[in-house]
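The following exercises concern the sequence and the structure shown below.

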Amino acid sequence: MNFESKFQKFITYAMLFVSAVIFIVPFFWIMQTSLKPDNQILSYPPKLVPVRSSAEAYDADLKAGELSEFEEKWGYGVTWDNYRRAFTDFPFVRYLFNTTVIVFFTVLGNLISCSMVAYSFACLRWPDRNALFLLVMATMLLPYQITLIPVFILFRNLGWIDTLLPLVVPQFLAPPFFVFLLRQFFISIPSEMLEAGRIDGASEWRILTRVVLPLSKPALLTVGIFSAMFAWNDFLGPLIYLNSEESKTLAIGLQSMVSQYGAEWGLLMAAGVVMIVPVLMLFFFAQRYFIEGITLTGTKG
Amino acid sequence: MKVKFGFALLLLLLLAFVHSSKAFAASESEAEVKIQFWNQLFNEPPRTAVNTLVEGFNSQHPTIYVDVLHVPQMEQKLLTAVVGRVPPDVAIFDRFRVAGYAERGAFMRLTELAEEAGIQKEDFFEAPWNECVYKGELYALPLQTDVRILYYNKELFREAGLDPEKPPQNWEELREYSRILTKRDDEGRLVQTGFIPAFGYGNTWLYLFGWQKGAKYLSEDGERATLDDPKLLEALTWVRDFTAEYEIDDIKLFLTGGGARELDPFLMGRVGMIGEEVYMLARIRRYNPDLDYGMAPLPWPKDGQHATWSGGYAMVIPEGTEHVEEVMEFIDYIVGVEAQLTFGKVADSLPANKIAASDSYFTGDPDWQIFVDEMEYSLNRPVTPAAGIMWDEMRWAWEVGSAGTVDPKDALERAQNNVQFELDRIAEKNSLTPVKWWPIALIMGGVIFVLLGIRLWGSWKKIRKSSLLRSEAYAGYAFSLPSFLGLLIFWIGPIIVAIIYSFCHYDVLSPARWSGLQNYERLLFDDPLFWKSLYNTLYFVVFAVPTSIIGSLGLALMLNQKIIGRSVWRTLFYLPAIVPLVALAMLFMWLFNGQNGLFNVILDAVGLPKLAWLSSPDSSKPSLIIMNMWTVGAGMVIFLAGLQGVPRQLHESAMIDGAGVINRFWHVTIPSLLPTLFFMVIINTISSFQIFTQAFLVTSVSAPGAPENSLMFYVFYLFIQGFTYFNMGYASAMAWIMFIIVVIVALVQFKVAKRLGYEDVIR
């Protein structure tokens, strides 16, 4: 190893370390804010070290003069009150339930419709295939806000405002992004396998469900995870279509919390942490598919 | 077995789904008539007060059950609900916006109903009642009222050598006292302020300062806006000169140091004088009873008049309820003396009902008495269907005019122009021809049908020739049906309909009417906010796309080397990218907080001046770009995959030729990465163009796009026009312009790619 490459290694690690700090510190800041009582959140300079297991204990020790100088200046008492309030002041379970229902049907709809369509684009030969594929791909480049208003009026005419239908039904009509993703995967399946099925007299549906889909589990998982994440994070759709408290999703619930408890940072940070945790968990359990999914769109693309 | 279980689970969820989409179905009561009641007052304590009233009514009326729902963002939600034909039976609504709904036929006329119930004008304060009357008809009944007065801190007065029993009487004294009360620390930072005109409840005080000068905002007949009133200009100019004595960013930083409840800057004794609403009194008593405060009428100019301002909420009946009689009984109860008294006490607000306000709870307490007295001088915002736009325009003029970023005269001229346009548009609506949908649907449907038919006929002839192909081809058509339907229903159809709407005046509540090129003319030649939103969006795209690409490429290059714990690093950098955008935006609002936000703490720790971040128009967009940088992990993973495709031999042979790191990067890595790079540029451009959620979240509902509309992005403005003002035609025209822009940008990018020899990269 020569000097140049050693130096390069050093620089790389140093930069990685700095970037990591940049990425982690906000998480840390948010966590510690969510664990502080209101009156300590805005005290300056900020108190950074949890030195007592409850806010009351801290206040009591402060009054009794039992805090060291360091503790008084930099320490705070941990409180779980913000988390308790995030669950009680806020119909979290209701929001979670609604979100889960939407996520479930979105994933279901996307998997069924997108694998059918992707199969017809990747494995079947028919005259208008390329034209339709091109059109569908073109819509991927268009921001969906262009159609926001006519689609809203369509759903209103159907009487679907304030139901979950406007968020779920379109997911059964093959969103282009996932069609594209699955098609990329299906193309790599050797056509001999399909031909063998056809010669055996299997219907195309049978080939899709018995040959192609079992071979595509990783791709399907990726699509499932991404569509779950998109549905979990969706904001504009629920904002427009859902009105009543009973039908709100987590994303909308969080936003109305911001307008409701504008300056109660501890509570807001706790609610934010609560909303992030399920996504992080999903990520840790299925990390491989996340990475594969992105890779699939990026490289073959 | 497994399949059956899955099926049962599916069925269960389906049931749950049907159940939850009929959200209101569950009932706790056996009552004969159930009334759905939406409450806009979701904050405490009014929330409890509303609940108390509802419980009181329900226990007195066993046959009626009022079901209360607390709804933030009612302005937008109620109209969507009325439009979607799922309105509540009764709602609490911001009074000054009632006329806009009444004009569009969304609220029921209450004139006769109120008369039958014996509810009369004489029993109510004038300002709140007047706000409910539009074109001589009653559309709402006032629930409560607020009124603005001057609170001041006697302790600080004494410290500064001012007489605590002599609050300022006129504008000149106000300004002088303010100067005396302002304190800075050694580094010149504000630690105590006298009076900040822009600080206090209700975003814009321009209405008030104008009234005190004697300005009017609407002509008698309601047809002309008069924001060009010279008296209003004088008021705004005065405020600008007043504010100019401070650095505007200093003030903003000072204010973000405040918090909720006991952390309010006035309660903490850091503000000498503040114009505030009724509820401040209760807050002082609850959170800082030791505060030595005084209350007085707001000072007015020597050449002006004693005036203050009342806003507040009212009960309305959205059109479409089946239980008018029961709803009126409920409203009659709410505006009656007993309920009004309860509400006032619990919610810390002044009853709109004068008889209730004359109770000793209010008149026996000198602090409350001043509110009752001031009601005599209290004015209300003009009752007009353009009230919502007038509010937004006044807020903008106030913001930019008082900060001095736009000359007050120009600001007011623009506000005048925009409000007048809305008034004209409403006035001329009925003279326009309604759109006949049948012929359009027939022609469009026919054209699509014929084109499709010809195409499919040709295809069918091809298929017929070969028997092997036939079954495969039929399956192909069948399997692609969802995509085809999706394309037709969610893209082609809506895009055609959007063109038609874009030539219409359309508020969804009444049929669309042809208005020719008016929307486009206005957008392109007469709507500065449209251009501003386009500028903001392009600004964001131009800075966010390169920064995020450089960031993600940088991380990818580092991780592409032989690194210990590569997947751990990768996870770490990728994590923020999966955080829901809403949560991310909310978390960053705190990180950008002026007082204890992470960024300012760091700036302060290294000895740099703190920034106002999201609350200053200069730094608000860069703040969002910084926030965007945090999500570069997704791009990093794509680049990592792309880097795997860079042939190793190329690097090695370049190394043998003696090419340095930089040379190899430019001549080996970049050329091999071009397809990925191109893909990233396109994807990032499109998604940056759609920026909405972050901006929506960090600006409040009453001040969308603030500060100074610097966060009013294109989609945000489209959303506001469509779903707050319900100018669906106008918003459709915006959608079309966006369509054209995106197509042009995409074509240019493809052209560039073709030049570079990568025409098939997207395939």
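Two strands pair if DSSP finds at least two bridges between them, and helices (H or I, at least four residues) and strands (E, at least two) are DSSP runs, numbered from the N terminus. This is a predicted model, in which local features need pLDDT of at least 70 and side-chain atom pairs count only at pLDDT 80 or more, while totals for chains, interfaces and linings use all residues. Residues are numbered from 1 along each chain as its sequence is written, chains are lettered from A and ligands numbered from 1 in the order in which they are written, and side-chain values use heavy atoms, leaving out hydrogens and water.

**Exercise 1.** Determine the strand order of the open five-stranded sheet in chain B.

*Solution.* 
Step 1. The order is E2-E1-E3-E14-E6 (chain B), and the pairing is mixed.
Step 2. Strand E2 (64-70) and strand E6 (141-142) of chain B each pair on one side only, as edge strands.
Step 3. Strand E1 (residues 33-39) of chain B is joined to E2(B) in the parallel sense over seven bridges. Within this pair, B:Val33 stands opposite B:Ile64 of E2(B).
Step 4. Helix H2 (residues 46-60) of chain B packs on the sheet and touches E1, E2 and strand E3 (90-94) of chain B; contact means heavy atoms within 4.5 Å. The direction of H2 makes about 170° with that of E2(B), where axes are lines fitted to C-alpha atoms, for helices over the stretch in contact, and angles run from 0 to 180 degrees between N-to-C directions.

**Exercise 2.** Explain why helix H26 (residues 581-591) of chain B is described as largely enclosed.

*Solution.* 
Step 1. Buried means under 20% relative accessible area, exposed over 50%, and partly exposed in between (1.4 Å probe, protein chains only).
Step 2. Ten of the eleven residues of H26(B) are buried, so the rest of the structure largely encloses this helix.
Step 3. Among them are B:Val582, B:Phe588 and B:Trp590.

**Exercise 3.** Decide whether chain A is compact or spread out.

*Solution.* 
Step 1. Chain A contains 17 helices and two strands.
Step 2. Its radius of gyration is 26 Å, well over the 19 Å that the globule rule gives for 301 residues, so chain A is more spread out than a compact globule. The radius is taken over C-alpha atoms, and the rule is 2.2 Å times the number of residues to the power 0.38.
Step 3. The C-alpha trace of chain A spans about 85 × 70 × 35 Å along its principal axes.
Step 4. Of the 301 residues in chain A, 59% are buried.
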